[in-house]
Amino acid sequence: MPTAYVLINYEIGAEKDILNKLKTVPGVIEASEVNGVYDIVVKIASGSLDSLKDTITRDIRAIDRVRSTMTLIVIE
């Protein structure tokens with residue numbers, strides 16, 4: 001099963017709203033706020049690599065007040 005980690009930067013003050021929305025995205029296994037260069041780390045899995053990419057593009061990157069993302073696809 002394709003898995004990825006998505007690193008997210010968001011606008012200041014948007015963390016609670018974004019975390020709540022991430023928890024409703026199909027395939028999201030875990031979403032945690034972190035300190036460092038990125039603000040949130042999301043673990044996501046899907047049935048196919050194409051489905052995984054679609055979820056990241058349509059569901060995660062489209063969340064209001066997400067400024068940028070970096071996707072790390074796990075090598076199986």
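This is a predicted model: local features need pLDDT of at least 70, side-chain atom pairs count only at pLDDT 80 or more; totals for chains, interfaces and linings use all residues.
## A first walk through the fold

Thr 55 counts as buried, because its relative accessibility is 10%, under the 20% limit for that class. Thr 55 belongs to helix H2, which covers residues 49-60. Apart from neighbours within four places in sequence, its contacts are Val 25, Pro 26, Ile 44 and Ile 60.

### The chain as a whole

Let us step back from that one residue. What does the secondary structure of the protein chain come to? There are 2 helices and 4 strands. Read from the N terminus, the elements follow the order β-α-β-β-α-β. The radius of gyration of the protein chain is 11 Å, close to the 11 Å that the globule rule gives for 76 residues, so the chain is as compact as a globular protein of that length.

A box of roughly 35 × 20 × 15 Å, taken along the principal axes, is filled by the C-alpha atoms of the chain. Of the 76 residues, 36% are buried. Among contacts with a separation of 6 or more, 67% are between residues 24 or more positions apart.

### Helix H1 and its buried side

Now to the other helix. Which residues of helix H1 (residues 15-22) are buried? They are Ile 18, Leu 19 and Leu 22. These residues lie on the same side of H1, because they cover an arc of only 100° around the axis. What do the buried residues of H1 pack against? Their partners are strand S1 (3-10), strand S2 (28-33), strand S3 (40-45), H2 and strand S4 (66-73).

### Along the strands

Start with Asn 9, which sits in strand S1. Is Asn 9 buried or exposed? Asn 9 counts as buried, because its relative accessibility is 14%. Asn 9 touches Val 37, Tyr 38 and Asp 39, and also Val 66, Arg 67 and Ser 68.

Strand S2 holds Glu 30. With 46% relative accessibility, Glu 30 counts as partly exposed. Its contacts are Val 41, Val 42 and Lys 43.

Ser 32 is also found in strand S2. Its relative accessible area is 26%, so Ser 32 is partly exposed. Ser 32 is in contact with Leu 19, Asp 39, Ile 40 and Val 41. Leu 19 is one of the buried residues of H1.

Strand S4 is the place of Ile 73. Ile 73 is partly exposed, with a relative accessible area of 43%. Which residues does Ile 73 contact, leaving aside its neighbours within four places in sequence? They are Thr 3, Ala 4 and Leu 49.

Some residue pairs show how spacing along the chain relates to spacing between C-alpha atoms.

| Residue pair | Apart along the chain | C-alpha to C-alpha |
|---|---|---|
| Glu 30 and Asp 54 | 24 residues | 18 Å |
| Ser 32 and Val 42 | 10 residues | 6.5 Å |
| Ile 73 and Ile 29 | 44 residues | 14 Å |

### A loop residue to look at

Where is Arg 65? Arg 65 is placed in the loop between H2 and S4. The phi angle of Arg 65 is near 80°, which is a positive value in a residue other than glycine. Arg 65 counts as partly exposed, because its relative accessibility is 30%.

### Looking back

To gather the tour together, the elements run β-α-β-β-α-β from the N terminus. The buried residues of H1 pack against strands S1, S2, S3 and S4 as well as against H2. H2 is also the helix of Thr 55, the buried residue at which this tour began.

Technical notes
Residues are numbered from 1 along each chain as its sequence is written. Side-chain values use heavy atoms; hydrogens and water are left out. Buried means under 20% relative accessible area, exposed over 50%, partly exposed in between (1.4 Å probe, protein chains only). Contact means heavy atoms within 4.5 Å. The arc is that of the directions from the helix axis to the C-beta atoms. The radius of gyration is taken over C-alpha atoms; the globule rule is 2.2 Å times the number of residues to the power 0.38.
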